[in-house]
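Biologist: I'd like to go through this one slowly. Could you show me the structure, and then I'll ask how you know what you say about it?

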Amino acid sequence: MLVAIGVFVLGLTLLLLSAKFFSNSAEKLGKALKLPEIVVGIFIVGIGTSLPELISGTLSVYKGASEILPGNIVGANISNLLLITGIAVAVNRKNIVLKSRYLYIDLHFLLGSFMFFGIIAYDGIITFSESFIGFLIFIVYSIYLVKGEHPLGTSKESHSGKIPIKEFLILAASSGGIYFGAEFTISGIEDIATLLNVPKSIIALTALSIGTTLPELAVNINFIRENKAEMAIGNILGSSVFNTLFIAPFASLIGPIHVPESIINFPLPVMAATGVLFYLLAQDKRISIWEGLMLVCLYLLFLIKIVV
């Protein structure tokens, strides 16, 4: 058991650290190439924090353990909206004020992405022929981010056009680290699930999903320290939309994804309810510290219900 847990922790640590180096280097390269701030801020940083979910999920399908992927997606989304948001508000120590575009665009895409995932997952199997619609929705969302007004697109910071070779080397090395980290993580999950006689999807729903949302937590704490608390919520929304719309269609290119009843019967409805709750909390364009603490308590209740 200790060996299996050690492999899981080692793999997850390597995965998270490699993803951090990858996204940091990609961000510096994007700025050096003078890419628009919105592209650097949303696509590189946002997608970079979701690399652990993407790579571990895709590798699980390749290795014939596809039930890990929906558990990780659902668990990561619930963790993002309840745990990470709650911690972000607590660290901010004051209300996070939201602008109207979060109400009318980003939150709508969040609910739409959850509806999409519910539709393709309800019958217990996800195939590319149905999930490719997620790609289309994500393209629409991406066009909105690039063309529409967004808080991350307002920066006027300028950067040198010099391309740092060092960042290319870090990018290549971290890519290898992401792959091997995901390989160890999935192997650890399979061993732990076998030893404890619990479904792999439950391990993915709890331990793996909490671990893979740590990059979002780190990025959001950094945003708050820079007095950009609203951008922390934007990162949470963008990460959740990416997790839901992109990862399943991408992984289903390898093969069909099995969604066990243990995910459909309880966690999937909880994810949908979490999205609706988050939407309702944002109607007054702010998230108070008291609401943040409530979100953390709800996440603890969810974990207790899953584990007990």
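**Helices and a serine**

Modeller: Let's start with Ser 209, which sits in helix α8, residues 200–212. Keep in mind that this is a predicted model.

Biologist: Okay, why is Ser 209 called buried?

Modeller: Buried means under 20% relative accessible area. Ser 209 has 0% relative accessibility, so it counts as buried.

Biologist: And what does the side chain of Ser 209 reach?

Modeller: Two backbone oxygens: that of Leu 205 at 2.5 Å, and that of Thr 206 at 3.0 Å. The cut-off for a polar contact is 3.5 Å, and both pairs fall within it. If you skip neighbours within four places in sequence, Ser 209 is in contact with Asn 72, Gly 75, Ala 76, Ser 79, Ala 204 and Tyr 299.

Biologist: Now α7. How do you know that its length agrees with what a helix should span?

Modeller: Helix α7 covers residues 165–196, which is 32 residues. At 1.5 Å a residue, they should span 46 Å, and the end C-alpha atoms of α7 are 46 Å apart, so the two agree. After α7 comes Asn 197, with a positive phi near 60°.

Biologist: What about α3, why is it called oblique to α7?

Modeller: The axes of α3 (residues 51–62) and α7 come within 9 Å and cross at roughly 60°. That angle makes α3 oblique to α7. This crossing is right-handed. Residues meeting there include Leu 51 and Ile 55 from α3, and Ile 178 and Tyr 179 from α7.

Biologist: What makes you say that α3 is largely enclosed?

Modeller: Count the buried residues: ten of the twelve in α3 are buried, so the rest of the structure largely encloses this helix. Among them are Leu 54, Gly 57 and Val 61.

Notes:
Residues numbered from 1 in each chain as written. Predicted model: local features only at pLDDT ≥ 70, side-chain atom pairs only at ≥ 80, totals over all residues. Heavy atoms only, no water. Helix = DSSP H or I, 4+ residues; strand = E, 2+ residues; numbered from the N terminus. Expected span 1.5 Å × (residues − 1). Buried < 20%, exposed > 50% of the residue type's maximum accessible area, 1.4 Å probe, protein only. Polar contact = N/O pair within 3.5 Å; in protein donor to acceptor, adjacent residues only side chain to side chain. Contact = heavy atoms within 4.5 Å. Axes fitted to C-alpha atoms, helices over the stretch in contact; angles between N-to-C directions. Parallel < 35°, antiparallel > 145°, perpendicular 65-115°, else oblique. Left-handed = near helix turned anticlockwise from the far one by under 90°.
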